[in-house]
Amino acid sequence: MRAVIPSDDVLAFAELYADAVFSKIPEERYRYYVDGSMNAGYEAARRFSGMSASELAEELGVPIAIEEKSSKIAGVSLRAQTLTENGRTRIIVYRESLDLLAMESAWEDFEALDADTVLNMHLFHELFHVIEEKERAYVSDSLDSVRIWKLFSHERKSRVMRTSEIAAHRFAEQMLSLPWMPNFYDYIYLVRTRKLSEDDMNAFFLRIDKLFEGKNGGKT
Ligand SMILES: [Zn+2]
């Protein structure tokens, strides 16, 4: 059986699905969060179109450090992160884990990404977060919060943090003209390194595709 290649919307929805407050999002609002965050990433890519990741980093005044070995958080190798300490922001990328991802990035008829593209994909992702921080314009702030609970006139609301992730993926995808949202490479990597079976991955995407498309009403 040919593998399922999920659409970008479904890949975005997979991120939303992993949000800590996903269960509080009304079904008819899935489309709102996916479209809102995808548009934010797309608009940023239009603004900075034609720039390389290093040019954009320079324009934003953020240094990039390349470390050879990956640090691990909870047993998972980090590939990149943005750190702000004492008001100074820097991006750190970890070459070893980026190279591992590049080596395991071929899928179906699509050739593996080269190491540079994998590096730039992660840089653009982090740079998107730097832009959010610098402009104090977080995607998760720009979209409606969800209600966590309501009792009489009291209610508690929470931001949907993963919307920033979706936008950062979209930004990197557009800046590099990737064939799909970068988070798909995480799944490809897991399947190719046998941490996830292909059947389980396909089943997951079919399930969330149904959840997303089945409930948004005005599917176009
Ligand atoms: Zn991120």
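A residue counts as buried if 20 or more other C-beta atoms lie within 10 Å of its own, as exposed if 12 or fewer do, and as partly exposed in between, with C-beta atoms placed from the backbone. The model on your screen is predicted, so local features need pLDDT of at least 70 and side-chain atom pairs count only at pLDDT 80 or more, while totals for chains, interfaces and linings use all residues. Residues are numbered from 1 along each chain as its sequence is written.

**Stop one: α1.** Select residues 8-17, helix α1. Helices here are DSSP runs of H or I with at least four residues, numbered from the N terminus. Which residues of α1 are buried? They are D9, V10, L11, A12, F13, A14, E15 and L16. With eight of its ten residues buried, α1 is largely enclosed by the rest of the structure.

**Stop two: α2 and α7.** Now pick V34, which touches D9, A12, F13, L16 and I166, leaving aside residues up to four places away in sequence; contact means C-beta atoms, placed from the backbone, within 7 Å. Then show α2 (residues 30-47) with α7 (residues 162-176): their axes come within 7 Å and cross at roughly 40 degrees. Axes are lines fitted to C-alpha atoms, for helices over the stretch in contact, and angles run from 0 to 180 degrees between N-to-C directions. That makes α2 oblique to α7, since angles under 35 degrees count as roughly parallel, over 145 as roughly antiparallel, 65 to 115 as roughly perpendicular and the rest as oblique. Among the residues meeting here are Y33, V34 and G36 of α2 and I166, A167 and F171 of α7.

**Stop three: α5.** Move on to residues 115-134, helix α5, whose 20 residues should span 28 Å at 1.5 Å a residue; its end C-alpha atoms are 28 Å apart, in agreement. The expected span is 1.5 Å times one less than the number of residues. Because 14 of its 20 residues are buried, α5 is largely enclosed by the rest of the structure. Just after α5, look for R136, which takes a positive phi of about 50 degrees.

A53, L56, A57 and L60 in α3 meet residues of α5 including L123, F124 and L127.

**Last stop: the core.** The largest nonpolar core has 51 residues, and A12, F13, V34, L123, F124 and F171 have the most contacts inside it. α5 gives the most to this core, with eight residues. A nonpolar core is a set of buried Ala, Val, Leu, Ile, Met, Phe, Trp, Tyr and Cys residues joined through C-beta atoms within 7 Å.

Conventions
Helix = DSSP H or I, 4+ residues; strand = E, 2+ residues; numbered from the N terminus. Contact = placed C-beta atoms within 7 Å.
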